[in-house]
Amino acid sequence: MIIKQRISGMVGTNSYYVNYNDKGYLIDAPDGIGKWTRELKVEGYPLSHILLTHGHFDHVMGLEEVLSVYPEATIYLSSEDASLVEEGNKEILRSFGIPLSLYSIPSPFIYNDYSSSIGPFRVIKTPGHTKGGVCLYIEDENILFSGDTLFEEGEGRTDLGGDWKELVESLRNLSLLPEKTTVFPGHGGKTDIKREKMRLGF
């Protein structure tokens, strides 16, 4: 297995490229990711799946850039966050004073809803930061891609369409994973379940 990470976009969003059994998966697509995906293409890395942990603007604004390099890649997103991608993000951008001209997504926006698993990943529904947030867990490797649900020394905000009670329950569910599980979050550095479980008091 190969894991590559890149930080890009206006708010420093992590995206991850995972190659597992010669199949390529991109986790989240922030704006500015195009240069990296072109590099991956030149290096001969395949990419067939774009896995979105949730629908906030800073995780989806690079989708067109990715598809321009890997046009056959399929987007996966929880259906609960589709309206966020299509319309809700515009209001969030307005509230931050970010020009809507910077917001662009594939049109039509075509995606597949998640099932319980995809490739090597077990899909764990983690509402709270957004209604349709998910984490992606590779059990064989004890690796979790946590999106904006869980960070190193922190957790996702809930004032942009989230719910604190749901987030707490999602964090509690993640705390049941093996303590040695390495966590790759949507922002910041990596951590592990043991460290965050102790911090949260679960």
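**Note on the predicted model**

1. Helix H6 spans residues 193-200, and its N-terminal end is capped by Asp192. A side-chain oxygen of Asp192 sits 3.2 Å from the backbone nitrogen of Lys194. At the other end, H6 is followed by Gly201, which has a positive phi near 80 degrees. The model is a predicted one, and the points below should be read on that basis.

2. Arg199 is partly exposed at 29% relative accessibility, and Glu155 is partly exposed at 25%.

3. The largest nonpolar core has 30 residues, of which Ile50, Leu63 and Tyr103 touch the most other members. At least two residues of this core come from each of helix H1 (34-42), helix H2 (57-60), helix H3 (63-69) and helix H4 (82-96). A second, separate core contains 17 residues, including Tyr20, Ile118, Phe145 and Phe184.

4. Which residues does Tyr103 contact, apart from its neighbours within four places in sequence? They are Phe57, Val60, Met61, Leu84, Val85, Asn89, Lys90 and Leu93.

5. Asp81 deserves a check. Its place is in the loop between strand E5 (74-76) and H4. Asp81 is buried yet has no salt bridge. Not counting residues up to four places away in sequence, Asp81 touches His54, Gly55, Thr130, Lys131, Gly132 and Gly133.

6. There are nine aromatic pairs in the structure. Phe57 and Phe96 form an edge-to-face pair, because their ring planes stand at 65 degrees, with the centres 6.2 Å apart. This pair links distant parts of the chain, with Phe57 in helix H2 and Phe96 in helix H4, 39 residues apart. Phe57 is buried, with a relative accessible area of 5%, whereas Phe96 is partly exposed at 38%.

7. Phe109 and Tyr111 make a stacked aromatic pair, 5.5 Å from centre to centre and with 25 degrees between the planes. Phe109 is buried at 12% relative accessible area, while Tyr111 is partly exposed at 23%. Elsewhere, one aromatic cluster is formed by Tyr16, Tyr25, Phe121, Phe145 and Phe184.

8. The structure holds ten salt bridges. One of them joins Arg6 to Glu39, the closest N and O atoms being 3.3 Å apart. Arg6 is in strand E1 (residues 2-8) and Glu39 in helix H1, so the bridge ties together parts 33 residues apart in sequence. Arg6 is partly exposed at 30% relative accessibility, as is Glu39 at 26%. A network of salt bridges links Arg6, Lys35 and Glu39.

9. Glu87 and Lys90 form a salt bridge, with the closest N and O atoms 3.7 Å apart. Both residues lie in helix H4, three residues apart, about one turn of the helix. An α-helix has 3.6 residues a turn, so residues three or four places apart point the same way. Glu87 is exposed at 51% relative accessibility, and Lys90 is partly exposed at 27%.

Key
Residues numbered from 1 in each chain as written. Predicted model: local features only at pLDDT ≥ 70, side-chain atom pairs only at ≥ 80, totals over all residues. Heavy atoms only, no water. Polar contact = N/O pair within 3.5 Å; in protein donor to acceptor, adjacent residues only side chain to side chain. Helix = DSSP H or I, 4+ residues; strand = E, 2+ residues; numbered from the N terminus. Core = buried A, V, L, I, M, F, W, Y, C linked by side-chain atoms within 4.5 Å. Buried < 20%, exposed > 50% of the residue type's maximum accessible area, 1.4 Å probe, protein only. Contact = heavy atoms within 4.5 Å. Lys, Arg positive; Asp, Glu negative; His and termini not counted. Salt bridge = Lys/Arg side-chain N within 4 Å of Asp/Glu carboxyl O. Phe/Tyr/Trp six-rings, centres within 6.5 Å; stacked < 30°, edge-to-face > 60°.
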